[in-house]
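Open the model in your viewer and keep the selection tool handy.

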Amino acid sequence: MNLKVYEASTADWKRLHAYARKVARQTRRPLADPIGYTVTDYRTVEREVVRAYGPFGLFKRTETRSERQPFSRHVPVIGRHWVLDVRHQNIEKNVRGRGSQHQETTHEKTTYLLLPDGGLKRVAVWEEESVHTADGRTRIVVDTSHHVSDIGDHDLRAFDFEKRHSEYGRHGRGTKTWGDREPGKRLLVHAKGVGLSVTLKRLL
């Protein structure tokens with residue numbers, strides 16, 4: 001394949017969107033389940049506690065205490081769909097100090113998908129975990145977020161180039177990255193958007 005010819009080409013988005021709608025109408029493949037995740041929030045609640053006091057605990061009084069309680073909730077991201085491709089990217093950052101260690105790890109899952117109405121979407125879900133250890137105590141904080149966007153020109157490279165896994169660094173030291181989010185260097189098609197068209201065709 002000629003990379004210069006490919007870079008000079010332009011994706012025919014009108015044709016791609018029309019073909020995506022056609023595939024959504026005609027495919028017999030089963031839909032994948034909706035994408036979502038669960039997060040835990042903490043709320044401060046007031047609770048009444050009865051305390052005994054005085055000789056032999058003969059007297060009692062009611063006190064109000066504040067407590068932080070966890071509440072789990074489901075976050076819907078996108079409904080049922082057909083999966084076109086899934087990519088992962090992970091970043092681990094480690095910082096060591098005197099008697100302490102801090103590690104931040106980000107796990108990113110990107111799903112390229114086709115909706116029943118023919119929409120082409122890119123869904124990214126991030127899970128960020130922070131682990132701080134000091135004085136023999138470990139504190140863990142996990143945060144999850146997401147972003148949904150239309151598949152655009154930049155995303156086409158995920159279909160037009162080879163899928164490649166890369167890995168750099170060592171776990172537990174400095175910065176470590178691994179995953180297959182970034183496409184490889186080997187070009188698979190002659191023009192932009194052809195790879196996405198071929199992927200859509202596989203659903204028929």
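**First stop: helix α4**

Select α4 and colour Gly195, Leu196, Ser197, Thr199 and Leu200, which are buried (under 20% relative accessible area; exposed means over 50%, partly exposed in between, with a 1.4 Å probe and protein chains only). These buried residues pack against α2, β3, β4, β5 and α3. Helices (H or I, at least four residues) and strands (E, at least two) are DSSP runs, numbered from the N terminus.

Before moving on, note that this is a predicted model, in which local features need pLDDT of at least 70 and side-chain atom pairs count only at pLDDT 80 or more, while totals for chains, interfaces and linings use all residues. Residues are numbered from 1 along each chain as its sequence is written, and side-chain values use heavy atoms, leaving out hydrogens and water.

Now show the side chain of Leu200. Leaving aside residues up to four places away in sequence, Leu200 touches Leu16, Tyr19, Ala20, Val23, Leu84, Leu114 and Leu120 (contact means heavy atoms within 4.5 Å).

**Next: helix α2**

Select residues 13-26 for α2, a helix of 14 residues that reaches 20 Å from its first C-alpha to its last, close to the 20 Å expected at 1.5 Å a residue (the expected span is 1.5 Å times one less than the number of residues). Which residues of α2 are buried? They are Trp13, Leu16, Tyr19, Ala20, Val23 and Ala24. They cover an arc of only 140 degrees around the axis, which puts them on the same side of α2; the arc is that of the directions from the helix axis to the C-beta atoms. Turn to the other side of α2 and you will find Lys14 and Arg25 exposed. The cover over the buried residues of α2 includes β3 (82-97), β4 (100-114), β5 (120-134) and α4 (194-201).

**The cores**

Select Trp13, Leu84, Leu114, Leu120, Ile151, Leu196 and Leu200 together: these have the most contacts inside the largest nonpolar core, which has 19 residues. Such a core is a set of buried Ala, Val, Leu, Ile, Met, Phe, Trp, Tyr and Cys residues joined through side-chain atoms within 4.5 Å. α2 gives the most to this core, with six residues. A second, separate core of 10 residues includes Val39, Val75, Leu113 and Leu115.

**The sheet**

Switch to a cartoon view and follow the six strands of an open sheet in the order β6-β5-β4-β3-β8-β7, with antiparallel pairing (two strands pair if DSSP finds at least two bridges between them). At the edges, β6 (137-150) and β7 (166-170) each pair on one side only. Zoom in on β7 and β8 (residues 173-179), antiparallel strands joined by four bridges; here Ser166 stands opposite Gly179 in β8.

α2 packs on this sheet, touching β3, β4 and β5, and its direction makes about 80 degrees with that of β4. Axes are lines fitted to C-alpha atoms, for helices over the stretch in contact, and angles run from 0 to 180 degrees between N-to-C directions.

**Last stop: the hairpin**

Finally, select β1 (residues 35-53) and β2 (residues 59-78), which run antiparallel and are joined by 19 bridges. They form a hairpin with five residues between them, and Gly54 in the turn has a positive phi of about 85 degrees. Look for Asp41, which stands opposite Phe71 in β2. Then pick Tyr42, which lies in β1. Not counting residues up to four places away in sequence, Tyr42 touches Arg68, Gln69 and Pro70.
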